[in-house]
Each structure stands twice: as structure tokens, then as C-alpha cells.
Amino acid sequence: MILLLFRVRLINPTFERSTVASKRQNPKTIRSFHCKASSFESKTMSHSSAPRMRKCRQKEEEEEEEEEPLGGDMEDLFNEKETQNIRTSLLDWYDENQRDLPWRKKTRSETEKERRAYEVWVSEIMLQQTRVQTVMEYYKRWMHKWPTIYDLAQASLEEVNEMWAGLGYYRRARFLLEGAKMVVAGKEGFPNKASSLMKVKGIGEYTAGAIASIAFNEAVPVVDGNVIRVLARLKAISANPKDRLTVKIFWKLAAQLVDPSRPGDFNQSLMELGATLCSVSKPSCSSCPISSQCRAYSLFQENRSIPVTEYPTKVVKAKPKVDFCCVCVLEIQIQEKNQSGGRFVLVKRPEEGLLAGLWEFPSVILDKEASLAARRKAINLYLKEAFHLEPKETCTVVSRKELGEFVHIFTHIRRKIYVELLVVQFTGGTIDLFKDEAEDTLTWKCVDSDVLSTMGLTSAVRKVYSMVEAHKQDLSVSSNRTAISRKRRIT
């Protein structure tokens, strides 16, 4: 067997090269490619492996001849001058232009750092997948109710869910509560290093970096969607921003830029730039404090057919799963002494999974779109199994009305929701419903309309209840018109 000896020296064992089209090419030919290898000084290979290596090298040479690499190597970090210029320019701009947000304030003493860390933690969790304007009022209400981590640790999950209602992604609230209880139960106080913070329930690398840098002045980076957008444009990185290796590069770049003297302010300036001037679709490059260091902007000036918005690369989202749900708003009319009006049945969702531990009206998930008769059959079966309730047999049906339908979008689910109102009467009031249910294992309850209106419910449940209220309002108007008409006929 003939052995061939190759001597290869690879400076960067794993690299990604980002290229863009030249002025003579179609900008849509922008592409990126990966090349991975193991670093070695010498290696013996069988004769059969040589042709594969020649083909690979030939293919790379052909690709390089086809495209003029005006972009940058992803391993190409900022040089010292670039780093200093970006730090100075961003911090100067941030000092003059930062938004006045309730969670932004300077820590004046060591004793305030723990409280500051808690405030940063709450704000960062709320801001995930949620607009700043929406978060501001939630944050203020939260801090009024639980001003310290010790106050939050005493709260129940139901209280936290009620406060969080409408923000979505409810698992964030549960993890925030569990994390607070974990920190308070510990003996070491509030963790002040990013590495220690990541051991707390619900705190990942980004949140740990934000808390550590802003509250404790640790020189660690943060990388969120805004930061990725800024860095991708600074370096004209066209690789998939969701790719694991690409994300590591963004963290590496962000770590290099962090100002050691003002890490918290610098990280906030980078996020602020992405949230304001360096926006997704309409960046204000002429007002950007670091446009002179921006490779994407430089490429745009050379070739107007390659806009800055080409970076970062748009990732096609997976189509959401489509499902169907029929909701039965079960109202029980009271026929007990000294009581009148109706009460609504709410069911508590399982403690794991979508909308864990939250209250909703009785509902059934369907495999496919179904007729009214099929939906009612499914609801009747659920009511019988869950409450021993059979319309027309164990109770008197006062009315049953189909109220309509709407579509609600979850992260990965597009749900079509059918809504009906079922009003029933029990001769013994609500006692029959609860006779087999122990209070400590209660997973459902009856509430009147006043309580329901003030509960922290998800946006979908509130939408359902608003349909009920609109229906009752229509009935009231119709009833008043009928009464007036009858009175006129009599007179």
C-alpha cells in the first residue's frame, strides 16, 4: 500500500467565511460556507483519500473565483483601534440618547446592588419576546407589589400568574418565582457573578450577563436579538444567526467589545442601538454613532443593491401547528337563599406544558375542524367525565348558545377556538358539583362575574369572556326593547 504524507497547518480549525456579491453580481448570490477540520502538524492518509482532498480544494478554488469576498471572515475579530472607537462612540451616544425606562438607574452603594440585580432580572425576563412599551406598566405594578426578591419569594404561583396575565410566555413567570425562592433559600445571598447566576432556575447566559454587568459591574457580554443584528451588520456576517456555531461567534465578538470600566452601560448601549437606530427593516445609518465601523454600511455605499438589511440573514420560520379547540363557558344560575345571579366554572390547567397552572373555561382540543354537533358531543363528554354533569339529565339547561370563533396564535401553535355559552340550573345550587372534590385537591372553581373581571387571565380566556359579555349586553338591549314595545302597546 502506498502512503502519501501531507503536512498541513491550519490556523483556524473551524471557520466560516462570509462573502457578498461584487458590483457585477446579483446580490442574491450572497452565501456563506463552513469548513471544519482538526488541527494537525502531520497526518498519514491512504492513497484513496487524496482524490477527495483534491476535489474539495478544487471546488473551493472555483467558488473563490466566482465570488469577490467583500465581506469578512467570522473569525476576524475587532482590532484594538476598532474596539476602542466602538466603545467610546457607543457610550457617548448612549449617555446622550438613552431612553428613560423605569428599570434604568444608577447603583449608588454596595447595599443597593442586590435590589438593583433583582430589578434588572425582572425587567429582562419581562422584555423577552415582549415590546418595551408593553412591559413598562407591568414592571411598575410588579415592583409595587413585590419590591424586593424577598417579597417575591413569599408569593404564590397563582398570584404571580395573575400579575403576569397578558404578557404571554407564562413559563417565564413561573421560573422567575422559582428562581427567587431558590436565591432566598440559599445561604450565599444574591449571586454576583454570571457563572453563579446561571445556576439559578430560569437564568440563562444572556440574563446572567445582563444582571452581572449592569448590577455588579462584571465585564461579561450579552447577546440578544438586538445585539446579533448590530454585530452581524458591523461584520457583514451572512451566516445563519440561529446556527449554534454562529451564535458562539457573536458571543465572542460581544465579549471583545465589552468596556471593562462600564460593562453594564456598554451592554445596554449595544442593545439600545439595536432597538432604536439599528432596527430590523428601517435602520437609521446616517444617525448611527458607529456607522464608520460598520462593514454592512460600507458595502451598501459601494453597491446600493446590497442594503444593510441583508444582515443578519433572514431565517425562515417553521409553520406553526394548526389545531382546534371548543370552549364551553359554563354558567350556573344560583337558586339558593339570599343568592341570585350566575357563577362561572374555571378549570386549572396542568402544572406542566402550555399555559401551565393557569385558569381557563372548560375546553376540549380537537384533532381537526368539526361541526357544531361534533363539538357539542365532545363538550358533553368532557362535562360528564369532569363534573358528572349531563345537560338535560343532571341539570336544567336554561340556554345554550354558539357565540362565535376566533384564531389565537401561540409560539408554535395556530389555534382556532370555538366558543359557546351553556347556562344551567341546579336545584341544590353548586353544592352537587363539589361534593366529591376535596378542597386541597381542587383543580376547578366557581366564580361570579365580578371576580372573573378582575382575575389575571390569559389574553385568549379574556377574549372568550368578552364574547360572553357582548352576548349578554345584546340580550339586555333586546330585552329592554321588548319591554318598551310591550309597554307602548299596553298604553
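## Buried contacts, a helix face and aromatic pairs

At a relative accessibility of 7%, which is under the 20% limit, Thr-458 counts as buried in this predicted model. Thr-458 has its place in the loop between helix H16 (449-454) and helix H17 (459-490). When its neighbours within four places in sequence are left aside, Thr-458 is in contact with Tyr-170, Leu-355 and Leu-358.

For the protein as a whole, the secondary structure comes to 17 helices and 11 strands, and 43% of the 491 residues count as buried. Among contacts between residues at least 6 apart in sequence, 68% join residues at least 24 apart.

The buried residues of H14 are Arg-375, Ile-379, Leu-383 and Phe-387. Because these residues cover an arc of only 70° around the axis, they are placed on the same side of H14. On the other side of the helix, Ala-373, Lys-377 and Glu-385 are exposed. Just after H14 comes His-388, which takes a positive phi of about 55°.

Strand S9 (residues 396-409) and strand S10 (residues 413-425) pair in the antiparallel sense, with 12 bridges between them, and a hairpin of three residues joins S9 to S10. Within this pairing, Glu-405 stands opposite Tyr-418 in S10.

| Charged residue | Ring | Distance from the ring centre |
|---|---|---|
| Lys-445 | Trp-359 | 4.4 Å |

A pair of aromatic rings is described by the distance of the centres and the angle of the planes. With centres required to lie within 6.5 Å, the count comes to nine aromatic pairs. One of them is formed by Trp-121 and Phe-190, an edge-to-face pair with 6.0 Å from centre to centre and 90° between the planes. Trp-121 lies in helix H3 (residues 113-127), whereas Phe-190 lies in the loop between helix H7 (171-185) and helix H8 (194-197), so this pair ties together parts that are 69 residues apart in sequence. Both Trp-121 and Phe-190 are buried.

Phe-387 and Trp-444 form another aromatic pair, which is edge-to-face as well, with 4.7 Å from centre to centre and 80° between the planes. This pair links distant parts of the chain, given that Phe-387 is in helix H14 and Trp-444 is in strand S11 (residues 444-448), 57 residues apart. Phe-387 and Trp-444 are both buried, and Phe-387 belongs to the buried residues of H14.

Conventions:
Residues numbered from 1 in each chain as written. Predicted model: local features only at pLDDT ≥ 70, side-chain atom pairs only at ≥ 80, totals over all residues. Heavy atoms only, no water. Buried < 20%, exposed > 50% of the residue type's maximum accessible area, 1.4 Å probe, protein only. Helix = DSSP H or I, 4+ residues; strand = E, 2+ residues; numbered from the N terminus. Arc of directions from axis to C-beta. Contact = heavy atoms within 4.5 Å. Pairing = 2+ DSSP bridges. Phe/Tyr/Trp six-rings, centres within 6.5 Å; stacked < 30°, edge-to-face > 60°. Lys NZ or Arg CZ within 6 Å of the ring centre and 35° of its normal.
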